[in-house]
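Work through the exercises below with the sequence and the coordinates at hand. Each task is followed by its solution.

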Amino acid sequence: PVPSQSPPSPLPVPPSALQLPAPPPGVFPEPQQDSVIQVASVVQRQGAPEPFLRVVFCLQPTAPILGCQVLSFPSEKQLLQVWGRGSCWGGF
């Protein structure tokens, strides 16, 4: 007999995209001088048809974005610390 398989656990899958100011053509951004200005994350549970959270972390206040939560921070350090902890969606 083949044992029955249980469904996948509801593991959050948080792909993210970092946005930096555009450097001159042919120049790669340097972390010492090019700050992160935005990180966008879409969090979806394994097997779920839709994400349960869409959040954008922004450096400095910005306009609302339809369909997602926008969090603004006064410094790059604070933005990356909060995003890195995943605290807005309960962490992992």
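**Exercise 1.** Is Q60 buried, partly exposed or exposed?

Solution. The model is a predicted one. The relative accessible area of Q60 is 40%. Buried requires under 20% and exposed over 50%, so Q60 is partly exposed. As to its place in the chain, Q60 sits in the loop that links β4 (53-59) to β5 (69-73). Its backbone has a positive phi of about 75°, although Q60 is not a glycine.

**Exercise 2.** Determine which residues make up the largest nonpolar core, and which elements supply them.

Solution. The core has 10 residues in all: V36, V39, V43, L53, V55, F57, L71, F73, L79 and V82. At least two residues come from each of β3 (38-45), β4, β5 and α1 (76-85). The largest share belongs to β4, with three residues.

**Exercise 3.** Find the aromatic pair in the structure and classify its geometry.

Solution. Searching the whole structure gives one aromatic pair. Its members are F57 and F73, with 6.2 Å centre to centre and 15° between the planes. Planes under 30 degrees apart count as stacked, so the pair F57 and F73 is stacked. F57 belongs to strand β4 and F73 to strand β5, so the pair ties together parts 16 residues apart in sequence.

**Exercise 4.** Are F57 and F73 buried or exposed?

Solution. The cut-off for buried is under 20% relative accessible area. F57 has 0% relative accessibility and therefore counts as buried. F73, at 13%, also counts as buried. Both residues are members of the largest nonpolar core.

Technical notes: Residues are numbered from 1 along each chain as its sequence is written. This is a predicted model: local features need pLDDT of at least 70, side-chain atom pairs count only at pLDDT 80 or more; totals for chains, interfaces and linings use all residues. Side-chain values use heavy atoms; hydrogens and water are left out. Helices (H or I, at least four residues) and strands (E, at least two) are DSSP runs, numbered from the N terminus. Buried means under 20% relative accessible area, exposed over 50%, partly exposed in between (1.4 Å probe, protein chains only). A nonpolar core is a set of buried Ala, Val, Leu, Ile, Met, Phe, Trp, Tyr and Cys residues joined through side-chain atoms within 4.5 Å. Rings of Phe, Tyr and Trp (its six-membered ring) pair if their centres lie within 6.5 Å; planes under 30 degrees apart count as stacked, over 60 as edge-to-face and the rest as tilted.
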